[in-house]
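Work through the exercises below with the sequence and the model open. Each task is followed by a stepwise solution.

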Amino acid sequence: MKYSRIAGTGSYLPERILTNAELETMVDTTDEWIKSRTGIERRHIAAPGQTTVDLAEQAARRALDAAGLTPQDVDLIVFGTTTPDLIFPNCGALLQARLGIHGCPALGLEAACSGFIFALSVADKFVRMGEAKCALVIGAETLSRMLDWTDRNTAVLFGDGAGAVVLQPSDEPGILSTHLHTEGSHQDLLNCPVGVSRGFAPEADGRVPLFIRMAGAEVFKIAVRSLGSIVDETLAANNLDKSAIDWLIPHQANLRIIQATAKKLEMPMERVILTVQDHGNTSAASVPMAFDIGVRSGRVKRGELVLLEAFGGGFTWGSALIRF
Ligand code: COA
């Protein structure tokens, strides 16, 4: 059986750092509250005019370099984001032009914080079916553009960034399995309530609500439950015991959610790649960024078994088990 294999990883964070101390001057919050409830210490914010595709281009070039490949090798782009530069063309098409390549399919995929896992699952199938030999899979966001900076419930949680991986076919594993789920009935608990078709009507305060809205406590509970069950599903599908996993690379939304999944896997936190303190929740970007940081720091090594997981608006949730 043919597998797709991760040939290289890359990531990029915009320069500007917004600390918890600075947020204390913007909304009614404290560094202590943010750290103890979420684990977040700082987040990076895209510069004015710097877009999701700007961030993605940096991550993509780093992933291609790490794989020893060039943009001319790429024959598929799958781009997970909820904060696209434009309504269309999709970010995959914009990135393709930026990389100076032509003609290959470039998909935009929106699954909120699970966007990268969903994109990885799609690209994996193209590669395994022999329809792509070098797939660029992106998770990138500029969530700072979709925040109500007067709402302490959400303003403290999110940040901007980009991550990328390159997939190539291989006879050796590889991506062992991916698992994706969606539950649209929970759409009211986490969303951005405007859009092209529904419209951009202002609310009573005159503002167009182009903001993330979230019922935090409910989302927290369902995230912990869903991630626990997808971990079981992934292990069962591969006939593996939890002790086989070398690294957990989770979506970086909240330290306490990550700890709950690690506990379920009976993994010490030293075997979890943790980056949430440095950039908050970067939605689709968080898993590929953490993957890249794990690899470049020398912790995640070739041949090790890595479990990726994410949960986000939709709700969407997913996992990927990878022999790196
Ligand atoms: N600073 C200070 N106080 C804050 C605050 C902030 N930034 N945000 C909320 N509070 C207050 C609340 O108003 C509430 O006050 P009250 O008790 O007087 O009403 C109190 O803190 C507790 O709020 P609560 O929502 O119960 O806190 P929590 O422990 O559930 O933590 C979240 C809140 C948002 C951090 C947590 O629910 C969470 O992480 N949820 C999941 C979010 C997530 O990961 N979303 C993305 C999924 S991909």
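**Exercise 1.** Which element gives the most residues to the shell around the ligand?

The model is predicted, so local features need pLDDT of at least 70 and side-chain atom pairs count only at pLDDT 80 or more, while totals for chains, interfaces and linings use all residues. Residues are numbered from 1 along each chain as its sequence is written, and side-chain values use heavy atoms, with hydrogens and water left out.

Step 1. Collect the shell: 22 residues surround the ligand, a residue being near if one of its heavy atoms lies within 4 Å. Among the closest are Thr29, Arg37 and Gly216.

Step 2. Find the polar contacts (pairs of N or O atoms within 3.5 Å). The side chain of Thr29 has an N or O atom 2.7 Å from a ligand nitrogen. For Trp33, a side-chain N or O atom is 3.3 Å from a ligand oxygen. Gly216 uses a backbone N or O atom, 3.0 Å from a ligand nitrogen.

Step 3. Assign elements, taken as DSSP runs (helices H or I of at least four residues, strands E of at least two). Two or more residues come from each of H2 (31–38), H6 (152–155), H7 (216–237), H8 (255–264) and S12 (305–312). H7 gives the most, with 4 residues.

**Exercise 2.** Describe the pair formed by Phe311 and Phe315, and state whether each residue is buried or exposed.

Step 1. An aromatic pair is described by the distance of the centres and the angle of the planes.

Step 2. Rings pair if their centres lie within 6.5 Å; planes under 30 degrees apart are stacked, over 60 edge-to-face, and the rest tilted. The structure holds 3 such pairs. In Phe311 and Phe315 the centres are 4.8 Å apart and the planes at 45 degrees, so this pair is tilted.

Step 3. Buried means under 20% relative accessible area, exposed over 50%, and partly exposed in between (1.4 Å probe, protein chains only). Phe311 is buried at 5%, and Phe315 is buried at 0%.

Step 4. Together with Trp317, Phe311 and Phe315 form one aromatic cluster.

**Exercise 3.** Where does Thr81 lie, and which backbone nitrogen does its side chain reach?

Step 1. Thr81 belongs to the loop between S4 (76–80) and H4 (91–98).

Step 2. With 8% relative accessibility, Thr81 counts as buried.

Step 3. Its side chain reaches the backbone nitrogen of Thr83 at 3.1 Å.

Terms used:
Phe/Tyr/Trp six-rings, centres within 6.5 Å; stacked < 30°, edge-to-face > 60°. Polar contact = N/O pair within 3.5 Å; in protein donor to acceptor, adjacent residues only side chain to side chain.
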